[in-house]
Amino acid sequence: MANQKEGIKKDKAKAYWKENIKYVSILLIIWALVSYGAGIVFKDELNKFRLGGFKLGFWFAQQGAMYVFVILIFVYVRLMNKLDKKYGYDE
C-alpha cells in the first residue's frame, strides 16, 4: 500500500513538472520571438510604424521586450498557481 502511494506521488510529480516545463518553454519562446524577432529580425518592417514618437522596432528593442518579459512573469505566476491547485501543491 505504501509503495502504491509512493508510485502515485511520483507519477503526480512527473506530470506536474512536465506541465511546468511545457509552460516555461512556451513562455521563453514567446519572449525570444519578441526580443529577438521584433527587436532585430523584423526591425525594418516594424520601423514603418511609430509608438510614442519612436519607431516600433527601436521601441521593442529598447523597452518593449522588457514589458513583455514582465507580463510573461505574471502569466507564469498565474499558470503556476493554477497548476499547483490542480496537483494539490497549493498551501
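Helices (H or I, at least four residues) and strands (E, at least two) are DSSP runs, numbered from the N terminus. This is a predicted model, in which local features need pLDDT of at least 70, side-chain atom pairs count only at pLDDT 80 or more, and totals for chains, interfaces and linings use all residues. Residues are numbered from 1 along each chain as its sequence is written, and side-chain values use heavy atoms, with hydrogens and water left out.

**View 1. Overall fold of the protein.** The protein holds three helices and two strands, and from the N terminus on these elements follow the order α-α-β-β-α. The radius of gyration (taken over C-alpha atoms) is 19 Å, well over the 12 Å that the globule rule gives for 91 residues, so the protein is more spread out than a compact globule. The globule rule is 2.2 Å times the number of residues to the power 0.38. Along the principal axes, the C-alpha atoms fill a box of roughly 65 × 25 × 15 Å. Contact means heavy atoms within 4.5 Å; among contacts between residues at least 6 apart in sequence, 60% join residues at least 24 apart.

View 2. A residue is buried under 20% relative accessible area, exposed over 50% and partly exposed in between (1.4 Å probe, protein chains only). Of the 91 residues, 25% count as buried. There are 15 positive and 8 negative side chains, and the centres of the two sets lie 4 Å apart. Lys and Arg count as positive and Asp and Glu as negative, while His and the chain ends are not counted. Each charge is placed at NZ of Lys, CZ of Arg, CG of Asp or CD of Glu.

**View 3. The nonpolar cores.** A nonpolar core is a set of buried Ala, Val, Leu, Ile, Met, Phe, Trp, Tyr and Cys residues joined through side-chain atoms within 4.5 Å. The largest one has nine residues, namely Leu27, Val34, Ala38, Leu46, Leu56, Trp59, Phe60, Val68 and Leu72. Helix H1 (2–41) and helix H3 (56–87) each supply at least two residues of this core, and the largest share, five residues, comes from H3. A second, separate core has five residues, among them Tyr16, Tyr23, Met80 and Tyr87.

**View 4. Surroundings of Trp59.** Trp59 is found in helix H3 and, at 19% relative accessibility, counts as buried. Leaving aside neighbours within four places in sequence, Trp59 is in contact with Leu51, Gly64 and Tyr67. Ile30 is 29 residues from Trp59 in sequence, and the two are 17 Å apart in space, C-alpha to C-alpha.

**View 5. Glu45 in helix H2.** Glu45 lies in helix H2, residues 43–46. With a relative accessible area of 44%, Glu45 is partly exposed. From C-alpha to C-alpha, Glu45 and Leu56 are 8.9 Å apart in space, and they are eleven residues apart in sequence.

**View 6. Val75 in helix H3.** Val75 has its place in helix H3 and is partly exposed, at 33% relative accessibility. Val75 and Lys18 are 57 residues apart along the chain, and their C-alpha atoms are separated by 18 Å.
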